[in-house]
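This report looks at aromatic side chains and at one backbone angle. Please keep the sequence and the 3D view at hand while reading.

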Amino acid sequence: MTIAVTGATGQLGGLVIDELLGRGVPATDIVAIVRVEAKAADLASNGVQIRVASYEEPEALRRALNGVDKLLLISGSEVGRRVPQHTNVIEAAEATGVKLIAYTSLLNAATSGLGLAPEHVATEKRQAESSIPEVFLRNGWYWENYLQAIGQAVSSGALFGAAGEGKVAGAARADYAAAAAAVLTSDADQGGKIYELGGDERLTYADLAKIIGEVAGRPVEYRNLPEADYAKVLAEGGVPEQFAAVLAGSDASIARGELDTTSGDLQALIGRSSTPVAEIVRAAIA
């Protein structure tokens, strides 16, 4: 059984491969699909197969997926380009006889008003129309998304945002990687399954600010701003304007409850509770 992972040198992809190896999958049965071979030297030294292809290269993708049984399609990072890129991967998988595609989608994608949601929904639709059984790993927010904000909160004593009293059921990136590995190594039929993935801690930003303060040993308060004002604060702090708008829009989605879940799917897949946010905060401060 050969398992391929796209974006294998990215933060999530590398963790998934670590999880696969930890679950006893032979390195020679893992295919790491990467854009730059040199970045995969550590994976190659462990015996993982390295195949070079970008989401923009249909022929290279077909070569990379030759002989693959299960594929983890990690969503691309180029917002606005992801649907055609993901379609290239799905079509290459169809052409090469891949038997299962797991896709890293977005929590509550079908109903989400998050600006990132439409590309995920379109990818899910294309995948559902394909000849290959699909499984959707609808990942919630990563606690690591707040690393920069944590540092700023500790230094200024304030965590800024536009999430109001909305809750976010975040988890560590490693938790989502473990869930993906669990699905890819499962003997059960995964075709057609949808997992809404989120952590045990369902926190408001005020809750998060309190935890940051407790770990840092100094008071941190949450200051709620209108979405446009928060986007301006992010841009003034060095975040590119377009991405600042995306982040501020994400906070608006949190305020609407769109990044919260009580599904328990993540915990069931990984067989444990999600990583406490305090651990992420502690690592960020260190």
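The model is a predicted one, in which local features need pLDDT of at least 70, side-chain atom pairs count only at pLDDT 80 or more, and totals for chains, interfaces and linings use all residues. Residues are numbered from 1 along each chain as its sequence is written, and side-chain values use heavy atoms, with hydrogens and water left out.

## Aromatic pairs and their cluster

Rings of Phe, Tyr and Trp (the six-membered ring of the latter) are paired when their centres lie within 6.5 Å, and the planes count as stacked under 30 degrees, edge-to-face over 60 and tilted for the rest. By this rule there are 4 aromatic pairs. One of them is the tilted pair of W143 and Y146, with 6.2 Å centre to centre and 45° between the planes; both of these residues are buried.

Y205 and Y222 make an edge-to-face pair, at 5.4 Å centre to centre and with 80° between the planes. This pair links distant parts of the chain, 17 residues apart, since Y205 belongs to helix α8 (residues 205–216) and Y222 to strand β9 (residues 221–224), where helices (H or I, at least four residues) and strands (E, at least two) are DSSP runs numbered from the N terminus. W143, Y146, Y205 and Y222 together form one aromatic cluster.

## A positive phi in a loop

Most residues other than glycine have a negative phi. N108, which is not glycine, has a positive phi near 55°, and N108 is located in the loop between β5 (100–106) and α5 (117–129).

Note on methods: Buried < 20%, exposed > 50% of the residue type's maximum accessible area, 1.4 Å probe, protein only.
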